[in-house]
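Trainee: I would like to learn how to read the charged side chains in a model. Could we go through a case together?

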Amino acid sequence: MYARERQQLIVERARQEGRVDVTGLAGELQVTPETIRRDLTVLEEHGLLHRVHGGAIPVERWSFDPQLSARENVMVAEKTRIARAALAELPAEGAILIESGTTCARFAELLPADRPLTVITDSLSIAVSLAARPNLSVLTPGGRVRVTTNGGVGTWAAQRWREVFADVAFLGTDGVSLHRGLTTPDQNSAEIKTLMLRGARRRVLLADHSKIGPVSLHRYGELSEVDVLVTDTGLDQGIAEDIEAIGPRVVRA
């Protein structure tokens, strides 16, 4: 394979999967990690990728939302499996909520192209990524944009979220605790999270196993308000059973 062909493949893979890994590419393409690093440098110089620790991400994602992109380097495989498993909870049609966050953003990328849905999201980056999809009608309530999430918060956003009631909400979180419920460190974000949690008939929580157990400053919901928790196989089976005893069905992807 010529260098240009290899580099084109790398760009396509990054756009499909959201990130490429030096070690994985080297093994797959049967070249040295140094060769892949040189390829990534060339692609970054041409404005196609942005180098991150251990790999690279598409430049369009970095330029719009750098802080979210940096967080996507954590638990990448788990988040992708969670996002794919959560697709089983999609309605055949109707309205869904998608919350800001890296796992929810991955879920949004995987939405099928043959299902007519109205998508309501607090995330500007998710809204932009879905806006051109012909099968989707995309709405965002607006509000003051938090730089760390690209999600809208504040009175403006809260007023509009109070008027929304969708079929299914796909939500993220900073912490899930058996005793403290759902928590987040930011008070403004907590208000919007509460409204999104209660703004749908069914609630699907997307959270990798590192989010299960930690408790943040502000509680915004009860675990019993969640219908389905989609997590990864890193979650202990005993803890999964304890969570199900409270209410949510647990899917370990």
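Mentor: Start with Arg202, which is partly exposed at a relative accessible area of 29%. Buried means under 20% relative accessible area, exposed over 50%, and partly exposed in between (1.4 Å probe, protein chains only). This is a predicted model, where local features need pLDDT of at least 70 and side-chain atom pairs count only at pLDDT 80 or more, while totals for chains, interfaces and linings use all residues. Residues are numbered from 1 along each chain as its sequence is written, and side-chain values use heavy atoms, with hydrogens and water left out.

Trainee: With which residue does Arg202 form a salt bridge?

Mentor: A salt bridge is a side-chain nitrogen of Lys or Arg within 4 Å of a carboxyl oxygen of Asp or Glu. Arg202 forms one with Glu89, and their closest N and O atoms are 3.1 Å apart. Arg202 lies in strand β12 (residues 200-206) and Glu89 in the loop between α6 (76-86) and β4 (94-98), so the pair ties together parts that are 113 residues apart in sequence. Helices (H or I, at least four residues) and strands (E, at least two) are DSSP runs, numbered from the N terminus.

Trainee: Is Glu89 buried or exposed?

Mentor: Glu89 is buried, with a relative accessible area of 11%. Glu89 also forms a salt bridge with Arg249, the closest N and O atoms being 3.0 Å apart. That pair links distant parts of the chain, since Arg249 is in strand β15 (residues 249-252), 160 residues from Glu89. Arg249 is partly exposed, at 40% relative accessible area.

Trainee: What separates Glu109 and Arg106 in the helix?

Mentor: They are three residues apart in helix α7 (residues 102-109), which means a separation of about one helical turn. Arg106 is buried at 8% relative accessible area, whereas Glu109 counts as partly exposed at 31%.

Trainee: How many salt bridges does the structure hold?

Mentor: The structure holds 13. Arg13, Glu17 and Glu28 are linked in a network of them.

Trainee: Which side chain of opposite charge is nearest to Asp122?

Mentor: Lys and Arg count as positive and Asp and Glu as negative; His and the chain ends are not counted. The nearest one to Asp122 is Lys193, 7.0 Å away; Asp122 is buried yet has no salt bridge. Asp122 is found in the loop between β5 (117-121) and α8 (124-130). A polar atom of the Asp122 side chain lies 2.8 Å from the backbone nitrogen of Ser100.

Definitions and conventions: A polar contact is a pair of N or O atoms within 3.5 Å; within protein, one must be able to donate a hydrogen and the other to accept it, and residues adjacent in sequence count only if both atoms are side-chain atoms.
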